[in-house]
Amino acid sequence: MACLICGSEKFTRVTDVNESTIVKCRLCNFVYTVPLPDESSVRDLYGNWTDAGSQFQPRGGLGRRLKYRLFASRIKRHFPKHQSINLLEIGCGQGDLQRAVKHDERINGIGLDLDRSALNYARGLDLDVREGTLEEQNFLPKTYDCVVAIHVIEHLYNPIRTLSEIYRILTQGGIFIAIVPCVTHIKARINGKRWKYYHVPGHLWHFSPKTFRLLLSKANLQPVSMFSFYNRAHLKTIAKKID
Ligand SMILES: [Zn+2]
């Protein structure tokens with residue numbers, strides 16, 4: 001399978017996980033899972049994510065709620081002059097972020113997910129959530145000031161297609177916020193082949209700051225900030241459209 005980022009077919013095996021192999025492109029160092037499952041099986045995995053894995057249990061707690069409130073307040077800081085901010089979250093799960101912005105007078109939030117159990121829970125909280133992928137929504141161009149994808153991009157069958165759709169629906173000056181596992185984080189290096197985020201099925205792409213930046217550029221998106229948490233192997237990126 002050719003590298004999604006540079007097209008090279010030369011790679012080095014990193015490790016085997018279940019029936020899959022994690023490989024690293026010899027040209028651009030992009031780490032990815034082979035073979036790539038077919039698109040319908042990727043989708044089916046998430047429609048029944050919690051049903052197949054374990055019974056859906058909503059995650060709660062004050063700390064979690066405060067974390068998402070803080071996340072929402074940081075979004076608003078990017079738009080000091082906006083009276084209303086259209087926010088789309090891809091992979092909203094049980095709706096934590098949507099819940100945090102529900103009563104915010106400046107943010108209009110909607111969430112997308114494929115996990116029916118999580119969506120039912122979010123609907124029970126009267127949140128605006130929809131079942132489906134971003135590409136299925138046919139949103140109008142330049143509709144959203146902020147698109148958020150927390151631990152989503154690494155799961156996507158065709159991330160460049162989804163990022164291109166994000167580009168299309170973002171307003172000029174809009175921001176895309178992504179959090180992905182970071183394969184070059186110290187925790188990943190220490191754990192090597194046993195790193196927990198190599199898990200399959202699920203994680204198809206394993207990003208470093210460099211390869212995530214390259215991926216974004218394929219969709220004309222450019223990071224304005226990249227931040228890696230010292231205690232978690234996560235990379236948080238805020239990106240804008242390249243003019
Ligand atoms: Zn490559």
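These are my notebook entries on a predicted model.

**Entry 1: the sheet with S1**

I began with the open sheet of four strands. Its order is S1-S2-S3-S9, and the pairing is antiparallel. I looked for the edges next. They are strand S1 (11-17) and S9, each of which pairs on one side only. Then I checked the link between strand S2 (residues 20-25) and strand S3 (residues 31-34). Four bridges join them, and they run antiparallel. I picked out Thr21 and found its bridge partner in S3, which is Val34.

**Entry 2: Ile90**

I moved to strand S4 (residues 85-90), where Ile90 is found. Is Ile90 buried or exposed? I noted 22 C-beta neighbours inside 10 Å. The cut-off for buried is 20 or more, so Ile90 counts as buried. I then listed what Ile90 touches, leaving out residues up to four places away in sequence. The contacts are Leu112, Leu134, Val147, Ala149 and Val152. I took Val147 for a distance check. Ile90 and Val147 are 57 residues apart in sequence, yet their C-alpha atoms are 7.4 Å apart in space.

**Entry 3: helix H5**

Which residues of helix H5 (residues 116-124) are buried? I found Ala118, Leu119 and Ala122. They span an arc of only 100° around the axis, so they sit on the same side of H5.

**Entry 4: H6 and its cover**

I went on to helix H6 (residues 159-169). Its buried residues are Pro159, Leu163, Glu165, Ile166, Tyr167 and Ile169. What covers them? I noted that the cover includes strand S7 (144-150), strand S8 (170-181), strand S9 (205-206), helix H8 (209-218), strand S10 (221-228) and strand S11 (234-241).

**Entry 5: S8 and its partners**

I asked how many of the 12 residues of S8 are buried. Nine are, so S8 is largely enclosed by the rest of the structure. I then checked its pairing with S7. Six bridges join S7 to S8, and the two run parallel. Val148 has Ile177 of S8 as its bridge partner. I traced the chain from S7 through H6 to S8, and this β-α-β crossover is right-handed. Six bridges also join S8 to S11, but these two run antiparallel. I followed Ile177 across to S11, where its bridge partner is Ile238.

Conventions: Residues are numbered from 1 along each chain as its sequence is written. This is a predicted model: local features need pLDDT of at least 70, side-chain atom pairs count only at pLDDT 80 or more; totals for chains, interfaces and linings use all residues. The arc is that of the directions from the helix axis to the C-beta atoms. Two residues are in contact if their C-beta atoms, placed from the backbone, lie within 7 Å. Two strands pair if DSSP finds at least two bridges between them. A crossover is right-handed if, with the strands pointing away from the viewer, the path from the first strand over the helix to the second runs clockwise.
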